[in-house]
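This report looks at what packs inside one protein model. Please view the sequence and the structure before reading on.

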Amino acid sequence: MKKFLIIIAATFLLFLPAIMTAWSINSSAKLLSEEHKKQLETRLGHELRSQSQITLISQELFKHFSYFLVQTEHYYNSIGWKTFSGSAEEAFEEFISPTMMAYLLPMEVSIAFHGNEKDRQIHFANSGIVSENSMSEVSGLMFKFIDMAFYNHPPEGAIEQLKKLLADAGLIFNLNFLKSAGDRVKANQVVIRSPDSTKMLLTLRSKKDYLMNVLIDLSRAGIRTSARKAARIWKDKDAGLMFFGGSAAIRPVYSSWFERYPGLGEKIIRAVAAEKHGVDRLELGKWLVLFTPFDPKTPWQAAIATPMPVPPRQAGLKILLCLF
């Protein structure tokens, strides 16, 4: 019996270094995994907060087109309008077509500008160039008014004709906007609401060389439109973005990442619904999910899902244990 106990003690002492090493490596791996998880949550948390700040689509569109107006003005001032106008249609198309695709809203754009020899116009609808649209005639006549000589002494009936065109289109517009502002570009936003629709007219004019009218149907605009746009341009290949609400009438919106994991989005929604007081994070098996706080004023929430950090495989530990 004594000899047996000595053998047991000797065996234990023999394997003690390996056991201590294994414990130390496992502890380090767990600490690294937890640190990785914290870093991941911090990074995705910042991204989630930026995605949750969905502004009114009308404000976003106004800023988007205004920025293009300013950038274009700076560019053609550096090379001269005569040079720019040779490729103006291409420059307008490179901006307008992707914008229409990105915002997924019914939109008509009509641009009038000085060509090398005569005034020209280009029109867009349904994400592409068209021969004309509902704003073609309005833009052509408005463009004449940015010439101060025409503005100060318009031909008889020109003002009445423009007012009629605007009225027929159901639009409201302050003609004083067309008056020159010296060295400044100008952008104007008008939202027109009726029982059947909500539309927005953006009118942008350079100092003297072009005028753009953008008529946007906002009837379907709202947080869902913004959510679809955010999900569509989501670039992170290691995580997915989703928007969901507490009502069955609110269909979730997912980024393309979720296509790789069928059923994951529905699983997340069911897990959130089971929580009585709402959550800001969940660990669902091998998935880590972060949520924006629930806001009763906005029935939508945003969430980011990503695989949980996997501890290192510790191949060196296996070799060490084999040696012992």
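The buried residues of helix H5 are covered by, among others, S1, S2, helix H6 (148–152), helix H7 (158–168), S5 and S6. Helices (H or I, at least four residues) and strands (E, at least two) are DSSP runs, numbered from the N terminus. Buried means under 20% relative accessible area, exposed over 50%, and partly exposed in between (1.4 Å probe, protein chains only). Eight of the ten residues of H5 (residues 136–145) are buried, so this helix is largely enclosed by the rest of the structure. Among them are Leu 141, Met 142, Phe 143 and Phe 145.

The model is predicted: local features need pLDDT of at least 70, side-chain atom pairs count only at pLDDT 80 or more, and totals for chains, interfaces and linings use all residues. Residues are numbered from 1 along each chain as its sequence is written, and side-chain values use heavy atoms, with hydrogens and water left out.

The whole structure holds 19 aromatic pairs. Rings of Phe, Tyr and Trp (its six-membered ring) pair if their centres lie within 6.5 Å; planes under 30 degrees apart count as stacked, over 60 as edge-to-face and the rest as tilted. Two tilted pairs are listed here.

| Pair | Centre distance | Plane angle |
|---|---|---|
| Tyr 76 and Phe 84 | 5.6 Å | 35° |
| Tyr 254 and Phe 258 | 5.2 Å | 50° |

Tyr 76 is buried, at 2% relative accessible area, and Phe 84 is buried at 3%. In the other pair, Tyr 254 is partly exposed at 28%, while Phe 258 is buried at 7%. Ring pairs also join Tyr 76 and Phe 84 into a cluster that includes Phe 65, Trp 81 and Tyr 210.

Terms used
Contact = heavy atoms within 4.5 Å.
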